[in-house]
Each structure stands twice: as structure tokens, then as C-alpha cells.
Amino acid sequence: MKKRSLTGARLTDVLFKYIALSFTILALAVLVILLVDIFSKGLGRIHWDFFRNLPSRHAERSGIMTALAGMLSLLFFTILFALPVGIMAGVYLQEYGKRNRFAKFIEINIANLAGVPSVIYGILGLTFFVRILKLGNSLIAGAFTLSLLILPIIIVATREAIRAVPDSLREASYGMGATKWQTTSKIVFPSALGGILTGIILAISRAIGETAPLLVIGALVYVPFIPEGPGDQFTTLPIQIFNWTSRPQAAFIVNAAAGIIVLLLITFLLNSIAIYIRNKWYKKIKY
Amino acid sequence: MRRKEKWIELVMMACSLVTVFTTIGIILILAIETIKFFSEVSIGEFLTDTQWTPLFSDKHFGILPLLCGTLLTTTIAILLAVPLGLVIAVYLNEYASPRFTALVKPVLEVLAAIPTVVYGFFALQFVTPLLQKIIPDLNGFNALSPGLVMGIMIIPYITSLSEDALRAVPRSLREASYGMGATRFQTAFRVMVPAASSGIIISVILAISRALGETMIVAIAAGQEPKLTFNPKESVETITTYIVQVSMGDIPQDSLEYKTIFAAGLTLFVFTFILNNISFFIRQRFQNKYE
């Protein structure tokens with residue numbers, strides 16, 4: 001049998017294989033370079049004081065305590081609003097929503113909201129929460145704005161998780177004489193919880209990294225105190241990083257890199273938890 | 001019992017209406033302030049003037065420079081992300097072993113999970129200095145570096161959605177192609193990609209929409225000079241950067257400068273709104289072909 005030579009179609013095939021492999025490696029390499037660059041720049045600044053200190057004009061004495069505290073308080077209120085509303089809306093649209101024009105309209109609407117740039121949510125928050133409701137550039141105004149931003153993510157995740165629950169479970173429940181709400185709350189919702197939880201964690205991870213809408217609603221770049229209530233002004237870690245990045249002095253760049261290390265660790269941790277829950281849940285429940 | 005159920009249903013319906021009010025709120029707010037803006041600045045000037053200087057004493061209100069900066073950075077990002085993202089998707093689907101794909105896909109998705117402020121830092125502090133070694137006359141703030149970094153960021157959007165679309169193509173099509181003696185390359189680009197084209201187009205549209213609305217990367221690394229240029233070496237300002245720049249400054253409410261962010265915001269919103277609806281339409285119309 002004649003050995004097939006590398007010509008024509010076969011050659012294209014092999015060439016493409018290596019080009020494509022190198023593209024894949026290139027994309028992964030950028031990720032590695034980014035991490036190496038940031039860790040090499042910022043790791044030296046990471047010590048106990050960096051977490052404990054207030055922001056300061058002196059880079060070496062600056063810390064992220066107020067930024068971290070602001071971020072956690074902001075997340076607390078964001079979750080408080082977005083979670084119940086998002087889950088209930090998702091359950092309603094999937095379990096109760098009838099296949100009519102209204103349902104279709106809401107579906108288009110949510111798909112659209114998911115694609116609205118975050119800076120536009122900032123404009124909405126600035127006009128509605130900060131000015132019309134007179135909440136000022138407070139923690140609560142920031143939390144409302146972020147809630148609206150992550151609502152579509154939570155709703156879509158809830159709907160997908162509920163869609164994956166097989167009808168046989170619902171029919172069995174109805175067959176036992178359960179009402180619609182009993183079926184939804186005791187059968188459908190618990191079976192979909194893993195998927196919903198995954199979506200929620202990813203939404204939180206998204207909220208943590210948001211910077212632009214908070215800048216637009218007037219979150220401060222310099223806050224030398226920890227917010228004590230929902231009406232206080234605040235800053236967050238990404239805003240602190242943005243502030244340090246835009247300074248000319250090299251020492252602040254080191255601070256920015258150190259802040260990024262903390263932000264990335266939080267983001268990666270949340271994403272790992274989400275992946276873990278997803279895998280575990282899929283293994284546990286097999287229909 | 002029945003009564004309680006009715007109440008629960010009403011509360012849940014109210015929750016889903018929040019999303020409707022959000023959309024109405026966004027459109028109303030942008031429209032009302034933009035109408036006020038156009039009572040002071042003519043639409044003709046807004047659309048044709050080649051300068052955007054609302055914050056200077058010699059005021060011009062032409063959106064073109066901001067639009068130009070936005071389109072320039074988006075174009076650079078798309079030129080990088082579409083070929084790379086699509087080729088990687090084809091490779092993972094057609095060439096790579098399932099184990100390699102299962103390993104690489106989640107790692108690639110990490111790229112989409114990194115906060116954008118981190119990419120901004122990376123663009124300004126690493127990519128720009130690196131590019132300046134190759135292109136000596138590259139400005140410290142430029143469109144090229146944030147454009148490329150934005151491209152890296154949206155690769156996973158394209159790869160993930162395109163790979164899903166390729167995976168949804170029935171095995172029979174692929175097997176028929178191999179049965180005819182086609183190579184993997186021929187199968188991928190003459191059978192699989194055309195069959196998955198609607199999903200791939202959606203992924204590209206979503207990526208464009210994402211790049212248009214991206215804020216922090218360009219705000220940090222592209223500069224704040226509205227310029228009508230298609231030269232990627234120069235500093236430009238995007239619509240999103242301008243909105244952040246104005247809201248961070250101390251501009252009195254109801255001043256004309258304040259209203260400019262709504263006119264700029266509406267321009268951005270119209271672009272992303274049209275793109276999102278096109279992708280939704282394609283999904284409704286074509287996506288279920290093989291299901």
C-alpha cells in the first residue's frame with residue numbers, strides 16, 4: 001500500500017490542526033502571562049497591614065480595609081434585593097408563565113437587559129435611585145443598581161435549572177393531590193436548587209467585579225472610613241484598584257496589583273465553588 | 001388555601017415585572033434627558049459635528065469622535081477575537097480529544113470571569129509598554145492595546161457559544177462527511193460550521209455588543225481625548241469612557257454638560273439594543289433547526 005503523502009487536503013488538515021492548537025495555547029498563555037505579571041508586581045505588598053490600613057497619600061501605608069468593607073456591605077444588600085426577586089421571577093416565568101405574547105415579551109425583554117452595557121445601568125441608578133428617590137451616592141443606591149444589573153443573570157439561571165426538572169416529578173406531585181404552589185415549592189424548587197445556586201454565585205462574582213456603574217452613580221474613590229449603614233458613602237475594591245491604576249507614581253501601581261490579587265482570588269474562589277456545586281449536583285440527581 | 005396561592009402568584013408576577021420596569025426606566029430616562037439635550041443642541045450638530053468638547057469653553061457636541069473611538073476599539077477586539085475564538089471552537093470540537101476539551105474550556109472561561117478593571121490594568125501596565133517596543137511611536141494611551149485586551153476578554157464568549165452550536169449539529173452530518181472521504185478540515189468548514197452558522201453568528205453579535213459597552217478597559221488604557229481618527233496608535237475616547245469621566249467630575253445637575261451623558265448613553269444603547277434584538281431574532285428563527 002502506498003504511503004499517503006502530505007499534499008492538498010491532507011496538508012491543509014494537518015496545517016490547520018497545528019495553527020489551531022497554537023491559537024488555543026496562545027489564549028491560555030495570555031491568561032498565564034496576565035497572572036504572572038500581576039502577581040510579580042503586587043505580591044510583595046500583600047501582608048497583614050495591606051488588609052488593615054486605610055487609604056492614604058503614601059502608597060506604602062495604603063490599605064484596602066475600607067474598600068473590602070464597602071464591597072462586602074454592598075454585596076450584602078445587593079444579594080438581599082436581587083436574590084428573592086430574581087428567584088421568584090424565574091420560578092414564575094418558567095412554572096406559571098403561560099406561553100402567550102406576554103411571556104414572549106418578557107423573554108425578549110430579559111434577553112435584552114442581559115445585553116445592556118453596565119454603564120447604562122449606572123445612568124439608570126444615578127437618575128432613579130440617586131436623584132429621584134434622593135438616596136444620594138449611598139451604599140443602598142449602589143446595591144439597588146447592582147441588583148437590577150444581576151437580576152437577568154439570576155432569572156435566566158433559575159429558569160434553566162427549573163426547565164431541567166422532568167415533568168414526571170410534577171405529575172407525580174399533582175397525582176398525589178398537591179396544589180401548584182406545593183408542587184413548585186416542595187418538589188420543583190428543591191430539585192432545581194443546585195442549578196439556581198450555581199447561577200447565583202456566578203451573578204455575585206459578576207457583581208464583585210463591577211466598577212463602571214458604581215463610578216457613574218458617584219461611588220467615591222477616596223473613603224477613609226468604613227460604612228456603618230445603608231445610607232453611608234462607600235468605595236469598593238475595583239474602584240480602589242481603578243484609582244491606584246490611574247496614578248502616575250509607581251508605588252501606587254504596586255498597590256493596584258496587590259489589590260487585583262485579592263480581587264482575583266475572591267473571583268476565582270467564587271467561580272470554583274460554582275463549578276463544584278454544579279458538578280456535585282449533576283452527579284447526585286440523575287433522572 | 002386557594003386564596004394564599006393566588007397571592008403568592010401575584011407576588012411572583014410582580015417580581016418578574018421588575019425587569020419590565022427596568023427596561024422602561026432605562027428607555028424613559030435616556031429619552032427624556034436626550035430630548036432636553038436636543039432642545040439646546042440641534043440633532044444636526046450632534047450627528048455631523050466632528051468635535052466633542054462639552055467640557056471646554058469652546059463647546060462642540062458632535063458624537064462622531066466618541067462613536068469613532070468606540071467603533072475603533074471594538075473593531076480591533078473583534079478582529080482578534082472572532083478568528084481566534086472560532087478556530088479554537090472548531091479545534092476543540094473537531095480535533096482535540098474530549099479530555100483536552102474538558103480541560104481547556106473551563107480554563108478559557110476564566111478569561112471571561114476576570115473583572116474588567118484587571119484587564120484595564122493589564123492593558124496599561126503590560127500590553128502598552130510591550131507594544132511600544134515594537135511600535136516606537138505608539139502613544140501611552142492608545143486604541144490598540146485596550147482593543148487587543150478586550151479581544152482576549154471576549155474570546156471565551158465566541159468559543160463557548162460556537163462550540164455549543166457545533167456540538168448541537170447531529171452526528172449523522174459529520175459521519176456522512178467522513179464517509180465521503182472528507183478530511184477533518186473539510187468536514188469542519190464545509191459541513192459543521194455552515195450547519196452551526198446561526199449559533200456562531202449569535203456568538204459574534206453578542207461579542208460585538210459586549211465590546212461596544214465595555215468601559216473599564218478603555219477608560220484606563222485608551223485615554224480621554226475624543227478624536228475623529230481611525231489610527232489605532234493614537235489615544236481615543238469611547239462613549240462609555242466619556243460617561244464615566246463626566247460622572248466622576250463635579251458637574252451640576254441639569255447643566256447641558258450633564259445632559260450630554262444621556263445623549264451619549266442613548267447612542268450606545270441604540271447600538272447594543274439593535275444587536276441584541278438581531279441575535280434574539282436569529283435564535284428564535286433558526287436555533288431549533290436540529291432539535
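## Surroundings of B:Leu173

Once its neighbours within four places in sequence are set aside, B:Leu173 is in contact with B:Val191 and B:Ala195. In this predicted model, B:Leu173 belongs to helix α7 of chain B, which covers residues 171-179. The residue is partly exposed, because 14 other C-beta atoms lie within 10 Å of its own, whereas a buried residue would need 20 or more.

## Chain B as a whole

Chain B contains 12 helices and 0 strands, and its elements, read along the sequence, follow the pattern α-α-α-α-α-α-α-α-α-α-α-α. The C-alpha trace of chain B spans about 75 × 70 × 35 Å along its principal axes, and 49% of its 291 residues count as buried. When contacts in chain B between residues at least 6 apart in sequence are considered, 73% of them join residues at least 24 apart.

Helix α3 of chain B, formed by residues 64-95, has 32 residues and reaches 44 Å from its first C-alpha to its last, which is close to the 46 Å expected at 1.5 Å a residue. Of the 32 residues of α3(B), 24 are buried, so this helix is largely enclosed by the rest of the structure.

## Chain A as a whole

Chain A is made up of 11 helices and 0 strands, which run α-α-α-α-α-α-α-α-α-α-α from the N terminus on. The radius of gyration of chain A is 24 Å, well over the 19 Å that the globule rule gives for 287 residues, so chain A is more spread out than a compact globule.

The C-alpha trace of chain A spans about 75 × 70 × 35 Å along its principal axes, and of the 287 residues in the chain 46% count as buried. Among contacts in chain A between residues at least 6 apart in sequence, those joining residues at least 24 apart make up 76%.

## Where the chains meet

How many residues of chain A are in contact with chain B? There are 69 such residues in chain A, and they are in contact with 69 residues of chain B. Helix α1 of chain A, residues 8-42, supplies the largest share of the side of chain A that touches chain B, contributing 16 residues. Sorted by class, that side of chain A has 47 nonpolar, 16 polar and 6 charged residues.

## The largest nonpolar core

The largest nonpolar core has 172 residues, and those with the most contacts inside it are A:Ile154, A:Ile260, B:Val149, B:Ile154 and B:Ile158. Which residues surround B:Ile154, leaving aside its neighbours within four places in sequence? B:Ile154 is then in contact with B:Ala77, B:Ala81, B:Ala207, B:Arg210 and B:Ala211.

## Confidence in the model

The model scores ipTM 0.92 and pTM 0.92. Chain B averages a pLDDT of 92, with 98% of the residues scoring at least 70. Where pLDDT is low, the predicted coordinates should not be read in detail.

Terms used. Residues are numbered from 1 along each chain as its sequence is written. Chains are lettered from A and ligands numbered from 1 in the order in which they are written. This is a predicted model: local features need pLDDT of at least 70, side-chain atom pairs count only at pLDDT 80 or more; totals for chains, interfaces and linings use all residues. Two residues are in contact if their C-beta atoms, placed from the backbone, lie within 7 Å. Helices (H or I, at least four residues) and strands (E, at least two) are DSSP runs, numbered from the N terminus. Ala, Val, Leu, Ile, Met, Phe, Trp, Tyr, Cys and Pro count as nonpolar, Asp, Glu, Lys and Arg as charged, and the others, Gly among them, as polar. A residue is buried if 20 or more other C-beta atoms lie within 10 Å of its own, exposed if 12 or fewer, and partly exposed in between; C-beta atoms are placed from the backbone. The radius of gyration is taken over C-alpha atoms; the globule rule is 2.2 Å times the number of residues to the power 0.38. A nonpolar core is a set of buried Ala, Val, Leu, Ile, Met, Phe, Trp, Tyr and Cys residues joined through C-beta atoms within 7 Å. pLDDT is the predictor's confidence in each residue, from 0 to 100. The expected span of a helix is 1.5 Å times one less than its number of residues.
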